Amino acid sequence: VFGWSRAELVGARTTHLLAPECQTASAEIHQRRLRGETVRNYETIVRAKSGRLVPVLATGFMLTDENHQPVAMADILKDITQLKQACDRLEQRNRDLQQFARALSHDLATPLGAIRGFTEVLLLDHQRQLDQEGQEVCQSIVDGVEYRTLVCYKETWANGDPNAGPADYANLDPSDVWTGT
C-alpha cells in the first residue's frame, strides 16, 4: 500500500503515515471506530514510503471475532490524487472563465451604453418626427440594452465577489425591467 509492505502495516499503529495536518481529525475518527462506528468516505492525506503525500478517501471500521469482540481495525484507502488534480484544474478554469466573463461584460458595456444614449437622444430630439412604431422601436432598443446590461451584470457578478459589483445585481430579475418585445 503506497510502497509500504504488508508486514510494515499489519498490526501496527499507522498514525505516523498521516500528514501532520490530518493528525487531529484522525484521532477523532479513531475514537469513533473504537466505539464500533464505521466511518465512511473521509478525506485524509497519507505519506507513501517514498515520502510523497497522497490524498485518499478512506473507510475505517472495527474488525471483530466470532463473539463480536474487537480484534483489529481496518482501513480501505482509495488514492484520489487524479480526482483532486482534476478538481484543481476545473476550479482554475472556472476562475479563468469568470475573469473572462467580467472582462467581456465590461467590454460590452461601452457600446451598449452608446447605443442606449444615441437612441434616447433620438427619442428626445426627434420624438415628433417619429411615428408610433418608430417610437416603440426606439423604446424597445433602450429597454433591450437595459435588459442585456442587467443580465450581463447578473451573470458576471452574482456568483463572484459581492464587492466586485453592485449588490443589487445579485438578486435582480432582468425580466422586471424588460418592457420591449
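Is Arg116 buried, partly exposed or exposed? At 29% relative accessibility, Arg116 counts as partly exposed; buried means under 20% relative accessible area, exposed over 50%, and partly exposed in between (1.4 Å probe, protein chains only).

The views below show a predicted model, in which local features need pLDDT of at least 70, side-chain atom pairs count only at pLDDT 80 or more, and totals for chains, interfaces and linings use all residues. Residues are numbered from 1 along each chain as its sequence is written, and side-chain values use heavy atoms, with hydrogens and water left out.

**View 1. The whole chain and its order of helices and strands.**
The chain has four helices and three strands, where helices (H or I, at least four residues) and strands (E, at least two) are DSSP runs numbered from the N terminus. Along the sequence they follow the pattern α-α-β-β-β-α-α. Of the 181 residues, 25% count as buried. The accessible surface comes to about 12,800 Å², and 54% of this belongs to carbon and sulfur atoms; such areas come from the Shrake-Rupley method with a 1.4 Å probe, and for residues only the protein chains shown count as cover.

**View 2. Confidence along the chain.**
The mean pLDDT is 82, and 83% of the residues reach 70 or more; pLDDT is the predictor's confidence in each residue, from 0 to 100. Over residues 166-170 pLDDT stays under 50, and the model has five contacts beyond four places in sequence for them. Residues 177-181 also have pLDDT under 50, with 11 contacts beyond four places in sequence. Contact means heavy atoms within 4.5 Å.

**View 3. Arg116 and Glu146 between helix 3 and helix 4.**
Glu146 forms a salt bridge with Arg116, the closest N and O atoms being 2.4 Å apart. A salt bridge is a side-chain nitrogen of Lys or Arg within 4 Å of a carboxyl oxygen of Asp or Glu. Glu146 in helix 4 and Arg116 in helix 3 are 30 residues apart, and the pair links distant parts of the chain. Glu146 is partly exposed, with a relative accessible area of 23%. Salt bridges that share partners join Arg116, Glu120 and Glu146 into one network.

**View 4. The surroundings of Val145.**
Val145 is placed in helix 4 (residues 132-157). Val145 counts as buried because its relative accessibility is 7%. Leaving aside neighbours within four places in sequence, Val145 is in contact with Leu112, Ile115 and Arg116. The C-alpha atoms of Val145 and Leu112 are separated by 6.1 Å, although the two residues are 33 apart along the chain.

A search of the whole structure finds six salt bridges. In one of them, the side chains of Arg33 and Asp75 meet at 2.8 Å, N to O. Arg33 lies in helix 2 (residues 23-34) and Asp75 in strand 3, 42 residues apart. Arg33 counts as buried at 6% relative accessibility, whereas Asp75 counts as partly exposed at 37%. The side chains of Lys84 and Glu43 also meet in a salt bridge (2.8 Å, N to O). Lys84 lies in helix 3 and Glu43 in strand 1, so this pair ties together parts that are 41 residues apart in sequence. Lys84 is partly exposed at 32%, and Glu43 counts as exposed at 52%.

Strand 2 (residues 53-64) and strand 3 pair in the antiparallel sense over nine bridges; two strands pair if DSSP finds at least two bridges between them. Thr64 stands opposite Pro70 in strand 3. The hairpin has five residues between the strands, and there His68 takes a positive phi near 65°. His68 is exposed, with a relative accessible area of 64%. Lys78 is placed in strand 3 (residues 70-79) and is exposed at 54%. Not counting residues up to four places away in sequence, Lys78 touches Pro55, Val56 and Leu57.

**View 5. A nonpolar patch that includes Phe100.**
Leu97, Phe100, Leu104 and Leu108 form a nonpolar patch on the surface, with about 380 Å² of accessible area together. Patches are made of residues with over 30% relative accessible area and no salt bridge; like charges are joined within 9 Å, and nonpolar side chains (Val, Leu, Ile, Met, Phe, Trp, Tyr) within 5 Å. Phe100 lies in helix 3 (residues 81-126) and counts as exposed at 51% relative accessibility.
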